[in-house]
Amino acid sequence: MTKTASRFIHPANLPITALSGVGGALAGRLADIGIHRVFDLLMHLPRDYEDRSRRVDIRDVSHGASVLVSGVVTHVENNRTGLSVALEDDTGTLVLRFFKAYAGLKNTMQIGANITAFGEIKISRYGVQMAHPEFHITGTKQFESGLLPIYPATKGLHQNKLRQLVRLAIAAIKPKGLYCLSPADLQAAGVADTGADLLGALIQIHLPDSQADIFTQTALLQGLKERTHPACQRIIIEELVAHQLSFLYRRKNVYQYKAPRCQTDSELADKLIAGLPFGLTNAQKRVIDEAVADMATSRPMLRLIQGDVGAGKTLVAALTACRAIDSGWQVAIMAPTEILAEQHGANFEKWFAPLGVGIGRLLGKQGSKERREMLAAIANNDVQIVVGTHALFQDEVAFAKLGLVIIDEQHRFGVEQRLALTNKGVANSTPHQLAMTATPIPRTLAMSMYGDMDVSVIDELPPNRTPITTVTINRDRRDEVIERISANCKAGKQAYWVCPLVEESSVLDAQSAELLYEDLCERLDIRIGLVHGKMKAAQKQETMAQFKAGEIDLLVATTVIEVGVDVPNASLMVIENAERLGLSQLHQLRGRVGRGSAKSFCVLLYQTPLSPTGIERLNVLRDSTDGFVIAQKDLELRGAGELLGKRQTGDMGYYLADIVRDETLLVAAERIAHQLIEDSARQDLAHQIVSTWLPDAKEYVNA
Ligand code: ADP
Ligand code: MG
């Protein structure tokens, strides 16, 4: 950003309290719906419109619609519940309901009076009603004419207040306008020019002109509501470009540092492979080669490895790590949960300890002495591999020579956490970054979530997998399932019983897991264990360790076991209330079985009644074990927010763009962003676009 540009805050970036009449209390209520800056107000787009531009025949009104009617008063009734006024036009009658019959109202609502009213229609067994409408004697005044926006509202914020605020915001921005793309950019991207700039497009959406005829009007409103109108498309492309730009800046920011060049041949890797009881899959080899090629240069690697559950990502991580270690650098491995970190620790210990590589762990359960010693070992380069949770990146953790950071189950972490890693390298350098995710997502989605990373895909599973048979069973037959599981466990198999998801509350989930655990313990004489998210880390790990060691037959768990846990002898899984979980999540859960040689089963227990999509969804899972197919289906059925979790998509922070719906625009946006960032004459514009849409991106835009 240039000096002159940064000295003034653009009105779009001002806090809403800069608008006249917006004080702390109102700002607080606006903050509740995510409105902090003046720009946020502009991007609070109407969900619908009221049409006060034309009178509707009473015969034609429909439930829920806000309409303008006029007619003559034919009956008035005043009782305890308020005032009811029958209004009749040439086509029918409806009742205006007022809950307080104040004097002025009673004077106006006289039999024979001609009244024009506007309000929402309710059709019930009490007939056609309009509750507390706005009204006047026909001809005495005009309603605010034309189309009025209806905003997604919140408690204590009325439509009129929101309308007024949006108008204020538009007025505040008008003198300077908004930074945006040029008509040539849009044309190059194949986006229709609306004849307006970004602010113009926003005005068209907030304050649309009413149209002469009803067809044009209806088409306009539909286009605005469904976001297909060119003004909406304009805003979407601007937003997508801003995000793509921010990814490019993030890359640029990392690329200004050097990362350690690592050797491509690795004796350590050769030894590790020689000790494996199996060979690498071709996909594993290819992905390792891609990462190794990145690390051979001093440009920091920013690579994401996507691979279905069980694709063998951990080994890919280990073999990539070998190059850094052989070149004299330390490797940090970050996992999203203690259970996973512990498991990785054990795996790396098994693989590397015999080869003389020091493995360290940084875990929450460690006592302060143990932790202090570990911190010292990390700082002294006594350990070459350090495994942990995000605790790894706290300030007090200082690596001697960190050269590579591996982030497992990347989708569980936010962008900030990834950014924090760049600061852990030696002076003026940054470690290479390798992220791994088991949520297989389509390319465009990857582009909009991980646009700052190169993507490698492990598109092949190791050959030794026994296919999992998935069955869907009505919950009515749960007792039979319990019997079956018990018999199998007695025959030496191990099973997971994943507990009903109550709602988005880990407390309730934990309770329901405990109840299920008690119930199963009472009924069955097998060894049963319990893990849920509310348990202490140490307790969880102990139970997991027992399960892994075969000391527990049946593990009752909430979805905490979703990611990464590897117990090859477990070959049965029951998932209760499967209809409430996302397909990708179910697929991840199911990936916990089918890892050994035994024939594996996954039982999806569902509760009836089940909607047609509900059935379709479970069938997708029954019929496919391909994570990409399942993710694509999940995306179609539920949208990106559900597929990736609110946190992830929330992190993406889109106002309007929908990365599934707007897939084609996304491709254009990527192209425009590249053109912009490569054009030295337009750097300032590119910066301004990002700071308008993504004010939090400032840190890395300033690179
Ligand atoms: P994920 O990709 O889900 O993280 P893991 O890395 O946990 O998968 O690997 C799953 C299992 O597959 C592990 O037990 C691992 O040792 C094994 N595995 C990895 N690569 C291969 C391979 N090429 N052939 C056979 N088994 C493999
Ligand atoms: Mg894994």
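This is a predicted model: local features need pLDDT of at least 70, side-chain atom pairs count only at pLDDT 80 or more; totals for chains, interfaces and linings use all residues.
Student: Which residues come nearest to ligand 1?

Tutor: A residue is near a molecule if one of its heavy atoms lies within 4 Å of it. Around ligand 1 there are 18 residues, of which Gly279, Gly310, Lys313, Thr314 and Arg465 come nearest. Helix α12 (residues 313-326) supplies the largest share of this shell, three residues; helices are DSSP runs of H or I with at least four residues, and strands are runs of E with at least two, numbered from the N terminus.

Student: What polar contacts does ligand 1 make with Thr314 and Asp566?

Tutor: A polar contact is a pair of N or O atoms within 3.5 Å; within protein, one must be able to donate a hydrogen and the other to accept it, and residues adjacent in sequence count only if both atoms are side-chain atoms. An N or O atom in the side chain of Thr314 is 2.6 Å from an oxygen atom of ligand 1, and a polar side-chain atom of Asp566 lies 2.9 Å from an oxygen atom of ligand 1.

Student: How is the chain divided into domains?

Tutor: The bounds come from an automatic or database domain assignment. They give domain 1 (3-46 + 148-221), domain 2 (54-144), domain 3 (267-458) and domain 4 (468-624). The C-alpha centres of domain 1 and domain 3 are 44 Å apart.

Student: How many aromatic pairs are there?

Tutor: Rings of Phe, Tyr and Trp (its six-membered ring) pair if their centres lie within 6.5 Å; planes under 30 degrees apart count as stacked, over 60 as edge-to-face and the rest as tilted. The count is seven aromatic pairs. Phe39 and Trp693 have ring centres 5.0 Å apart and planes at 80°, so this pair is edge-to-face. Phe39 belongs to helix α3 (residues 38-42) and Trp693 to helix α25 (residues 683-693), so the pair ties together parts 654 residues apart in sequence.

Student: Are Phe39 and Trp693 buried or exposed?

Tutor: Both Phe39 and Trp693 are buried, where buried means under 20% relative accessible area, exposed over 50% and partly exposed in between (1.4 Å probe, protein chains only). Phe39, Tyr655 and Trp693 form one aromatic cluster.

Definitions and conventions. Residues are numbered from 1 along each chain as its sequence is written. Chains are lettered from A and ligands numbered from 1 in the order in which they are written. Side-chain values use heavy atoms; hydrogens and water are left out.
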